[in-house]
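Me: I'm new to this one and would like to learn how to read the places where parts touch. Could you walk me through it?

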Amino acid sequence: MNIPPPLAAFPLVSQWITFSADGVGILSGRVELGQGITTALIQMAADELDVPVEAITTIQGHTGLSPAEGPTVGSLSITFGGQSVRLAASAARMLMLQHAAGLLQAQVGDLSVREGLILKDGVETGLSYARLCSDVDLAVPAKDYAAPKPADQRRVSGTSVPRVDLEARLLGGYLLHDMDLPGMWHGRVIQPPSLSATVLSLPSLPPDVQLVQEGQFLAIVAREEYTALSAVKKVAAQIEWTIPPIGSVHPIDALEGEIAESETLYDSPDLAAGVTEISVSVTKGVIAHASIGPSVAVARWEGEALTVWAHSQNVFALRTSLAEVLGHPAAKITVIFVPGAGCYGHNSSDDVALDAALMARATGRPVRALWQREDEFLHAPFNPAMCTRMTARLNAQGRIVSYDARVVSPPHSTRPAGAEEPNLRAQQFLPNAMPMGPGNDAPQPQGGADRNAVPGYIIPAVRVVRDRPAIVPYRHSAMRGLGALANVVALEQLMECCAEAAGQDSVAYRLWHLEDPRARAVIEAAVAMAGEKDRAEGVGYGLGYARYKNMAGYMACVARVLVGDEVRVTDVWSAADVGEAVSPDGTINQLEGGIVQAISWALKEEVSFAGGQNLTKSWEDYPILRFSEVPRLHTRLIGPQDAAPLGAGEVSSGPAGAAVVNAVRNALGANPDRLPLTRQALVTLLS
Amino acid sequence: MMQTVEFSLNGKAVTVQGPPAMPLLFALRGALAHKGTRLGCGEGHCGACTVTLDGVPVTSCNTPLSAVEGRAVGTVEGIVAADHPLVAVLIRHQAGQCGYCLPGILTKAATLIDQGRGVDEICAALDENLCRCGAHARILAAIAEVAS
Ligand code: FES
Ligand code: FES
């Protein structure tokens, strides 16, 4: 049996599964970000325990109760977290049956479970999970008892169970934004205009508000939300700050400037020269998370005990990071996840949790802190600007014999990481100011900036170098897929160019460089789904393929675009193999969400800067794809349901982005080297 | 300065006190405890706060409380309570991910459907409503099913 890392770390059944008179509980560290993980975890447990979906509730991301699995990232929630729940649930059922067998003087093999009732030879015994809930000791290692059902015996996993939380999201009450505690006030932080700005003078305060000031950390707290909001606008406009100079280097120019650190991450000894050399280069700008809901948190101090409700991706690291910044023992801090708006990576949810804790400490009241839209666009972490240059060398037959890539990018994660790097924005402004840590990239094969820069194609010699620019005039961190977007866009453009140089069809050319049947299958399926290409004026088709992280789900997309003054994507045909899909419809929903987001990134999105100064304050400055611009989506899952789940949430970004960029390339006959492909970028490309 | 404002909320008479310039959104989410209407930007750019005013979809984050005196306000709670057919169809299509955008979209789309507007017109009107999770295609499929 393959024990996933979370279950190895938290081996006991009792750390994952609880029974009560009312039903079954799942304890999980994986949190519901809008991706549907709650439903999937319930499905996996329902199968193993033979209980209906409705009998299961979850506690997810509670530092006092959940296994400290770490972050909900990297499309690993099913692969690691779900599989842990599956094994623990299987063991829990066995423990229940063993206990029942003793009471009934029967063999375990004669017992079965139907909707939580324990049957002997198919007949009810009067025993049930509810009945035995306090008699069975679950504090035993799951691996000693787990025997998960084979795929063909699952009745819930593999079916499209409707999301258990979707209906609740139509109304108030479900999200953290709606939380109300007795005596709770509302807070808004006043963001210093730059990291080293200091307050020179404060205006007088409007009535009914309280100012929180600790060093350069400023916030306004009031009983009514609107009172806090209107006061913060007034006060912020009147504060005098020292204005330290802002750097003059634009994030894109910084990619061509001084390199602070260069590392060869992947190196084959002999990069054969070949007879033809083909290079492509793709540069993308800074991209914002731009969740529709601004980040929110609620904090309450009761004596020494601090409770923080947050929509963080990692409540465990948030807790230790809060402890470090607040100088307060972690043992006295509880962080509880409550769902917020859609989350696509390390956004401001952790920052606002510290803000709330500071406001609550200073005012002695529970405080709900909410960032403003402008705060999100100016001060949240961003997906960094990056430039990827790839070169392939072809032999006389046109086959790629060597490849190298240079990825220039800041690290793709500066997530809160406890004592070493709490990385919560306000820590920089407190009297004992702490600088933010430098962050890091996960090592290959996952990679960060270099994610998917190592080609999934069969190439005998590969080198990948990652360079970090010396100047990064913004906060950079993890967003859906990390470097995969730029790297897959570049690699797939390279494959198109190489196919052309070799005089081959670009689909056949890719297949020539792929042996893995699952990789070949998604490409063949997507191309077949797209069917005959039409040759209308301005129309282009493009293919994008990647296996995410070279170890997760496989996906191929074909995009059809219509290029006029602007690019319009009309259709995307996609085939994915993510192994077991616990909820096929939920998986498709995730894949399609990733496709739409990737199209938006590729065509529209870039945080605008003047030198090092971020100018993006509102949705007017940062257009994203709108309803009338969303293409028809045709998406199919072709993976085997009895294979291991590979993860899906981030799988589509690279292939979808690459398909669109290649479609534009094929429509225009020019290689796009700069994203987003706005009207202006098209003009530049064609000139 | 506080003003007392009376209006109808989902067909029931309500009275709220607040500063006249306060956006309707804060009265709904605050004193009136109708938290389905969401604050997305507070600037009229995202549509998360969409409600209806005398049957016309408007953004409540930039509609001052004083402007609704004597008028009829409709929110997502009213649409759901009335069992509008779009609600069940949205759920059947699993048309959403985080759902933060949905109350505003549902309110606008259900209202326009009831006014007999076609799918294309509703889709165009929804260009003022942003969805970051990329649930658009499913939302439009659900609307098409109910509108036709
Ligand atoms: S919150 Fe009203 S339009 Fe964004
Ligand atoms: S479903 Fe998340 S913003 Fe629309």
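Reply: Here is a short tour of two contact regions in this predicted model.

Me: How do I read the size of an interface, and what area is buried between chain A and chain B?

Reply: The size is often given as the accessible area lost when the parts come together. Here chain A and chain B bury about 4300 Å² between them, with 60% of that from carbon and sulfur atoms. On the chain A side, A:Leu170, A:Tyr226 and A:Phe627 lose the most area, together 22% of what that side buries. As for residues, 56 from chain A and 47 from chain B take part in the contact.

Me: How many salt bridges and polar contacts cross that interface?

Reply: You'll find 4 salt bridges, plus 22 residue pairs in polar contact. A:Glu605 and B:Arg132 meet through their side chains in a salt bridge, 2.6 Å from N to O.

Me: Which helix of chain A gives the largest share of the side touching chain B?

Reply: That's helix 13, with 10 residues. By class, the touching side of chain A holds 28 nonpolar, 14 polar and 14 charged residues.

Definitions and conventions: Residues numbered from 1 in each chain as written. Chains lettered and ligands numbered in written order. Predicted model: local features only at pLDDT ≥ 70, side-chain atom pairs only at ≥ 80, totals over all residues. Heavy atoms only, no water. Contact = heavy atoms within 4.5 Å. Buried area = accessible area lost by both parts, 1.4 Å probe. Polar contact = N/O pair within 3.5 Å; in protein donor to acceptor, adjacent residues only side chain to side chain. Helix = DSSP H or I, 4+ residues; strand = E, 2+ residues; numbered from the N terminus. Nonpolar A, V, L, I, M, F, W, Y, C, P; charged D, E, K, R; others polar.
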